[in-house]
Amino acid sequence: MFGFGIVGLLRTIFRSRSLLWSLAVYELRGRYAATLAGSVWAIVNPLVLIGVFWFVTAYGLKVTFEDGPPYFLMVFCGIVPWIAFSEALSGGTNSVLGAAYLVKKIAFPMEVLPLVPIVSTVIVHAVLIVFLLFIMAVNGLPPQLHYIQILYFSGAMLTFAAALSFVLAPVNVFQRDTAHVIGAILTIWFWVTPVIWPVDNLPDWAYAIIRRNPLFYIVQGYRGVLLYDQPFWFQWPLDLWFWACTLFVLLLGSLLFGRLKPHFADVL
């Protein structure tokens with residue numbers, strides 16, 4: 001039953017892939033349509049956030065890593081995937097509620113809606129990764145072939161965000177407080193993920209808990225591949241835990257979305 005739900009979900013998404021891409025591009029353009037700089041703000045805003053966190057933690061709080069690459073590169077490698085995840089999840093949660101005009105259309109494939117923010121996030125995320133690689137090259141870490149492994153962690157992070165979106169998007173239609181709750185959870189989630197602080201500072205018992213956080217796997221994966229020349233499987237067997245969590249959430253999301261989808265138009 002669960003497996004059939006996922007297969008049906010993926011089949012619908014695949015058939016509607018052209019529509020999904022068009023909606024994602026339209027969503028990204030529309031977000032900044034009335035501004036002078038247009039979609040450039042989609043890149044500028046994350047860069048400003050990265051700069052602020054780097055300055056505050058490096059100079060205000062004086063957070064440092066004991067060894068390895070410069071601290072600001074550690075921060076950059078942590079914030080880039082976090083920004084993509086938080087934006088994808090926030091957008092995915094509001095995706096169905098914000099597209100009421102499409103939900104009410106006959107035979108519209110509503111399964112693509114939670115993925116529209118995911119795809120638009122991919123576009124911005126790709127630009128930020130290119131900028132990160134440029135900054136690394138300027139600081140003596142030129143691009144290497146094994147950097148291509150970052151595609152695995154990017155795909156894993158966006159898959160997890162998509163799975164959560166299929167759970168939260170239908171819930172948000174019926175319970176409008178969901179988006180606000182997710183905003184609060186993301187704030188807590190940011191600070192319990194080693195985005196701007198060194199995980200080596202944790203005692204063993206805290207490390208054992210924090211590493212169960214799926215975003216721990218992603219952030220450490222980015223740093224391992226880009227800064228420490230490690231293969232993408234260097235965190236094994238944490239890979240099993242991450243994909244087990246992702247698959248469980250995706251199973252739940254496919255069931256929940258399928259059950260509630262027929263009632264979207266009535267509620268909206």
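This text walks through a predicted model of a protein, from its overall build to a few of its residues.

The protein has 12 helices and 0 strands. The protein has 268 residues, and 47% of them count as buried. Contacts can also be sorted by how far apart the partners lie in sequence. Among contacts between residues at least 6 apart in sequence, 79% join residues at least 24 apart.

Next comes the surface. The accessible surface of the protein comes to about 13,500 Å², and carbon and sulfur atoms account for 70% of that area. On this surface there is a nonpolar patch formed by Val 48, Val 52, Trp 54, Phe 55, Val 56 and Tyr 59. Together these residues have about 570 Å² of accessible area. One of them, Phe 55, is found in helix α3, which covers residues 41-60.

Where does Glu 111 sit? Its place is in the loop between α5 (100-103) and α6 (116-138). Glu 111 has a relative accessible area of 9%, and because buried means under 20%, this residue counts as buried. Leaving out residues up to four places away in sequence, Glu 111 touches Leu 9, Thr 12, Ile 13, Phe 166, Phe 257 and Lys 261.

Is Lys 261 buried or exposed, or something in between? At 24% relative accessibility, Lys 261 counts as partly exposed, whereas Glu 111 is buried.

Cysteines come last. A disulfide is a covalent bond between the sulfur atoms of two cysteines. How many disulfides does a search of the whole structure find? The search finds 0. As for individual cysteines, Cys 77 is buried, at 0% relative accessibility. Cys 245 has a relative accessible area of 18%, and is likewise buried.

How values were computed. Residues numbered from 1 in each chain as written. Predicted model: local features only at pLDDT ≥ 70, side-chain atom pairs only at ≥ 80, totals over all residues. Heavy atoms only, no water. Disulfide = S-S within 2.5 Å. Buried < 20%, exposed > 50% of the residue type's maximum accessible area, 1.4 Å probe, protein only. Patch = residues over 30% accessible without salt bridge, like charges linked within 9 Å, V, L, I, M, F, W, Y side chains within 5 Å. Areas by Shrake-Rupley, 256 points an atom, 1.4 Å probe, with all protein chains shown as cover. Salt bridge = Lys/Arg side-chain N within 4 Å of Asp/Glu carboxyl O. Helix = DSSP H or I, 4+ residues; strand = E, 2+ residues; numbered from the N terminus. Contact = heavy atoms within 4.5 Å.
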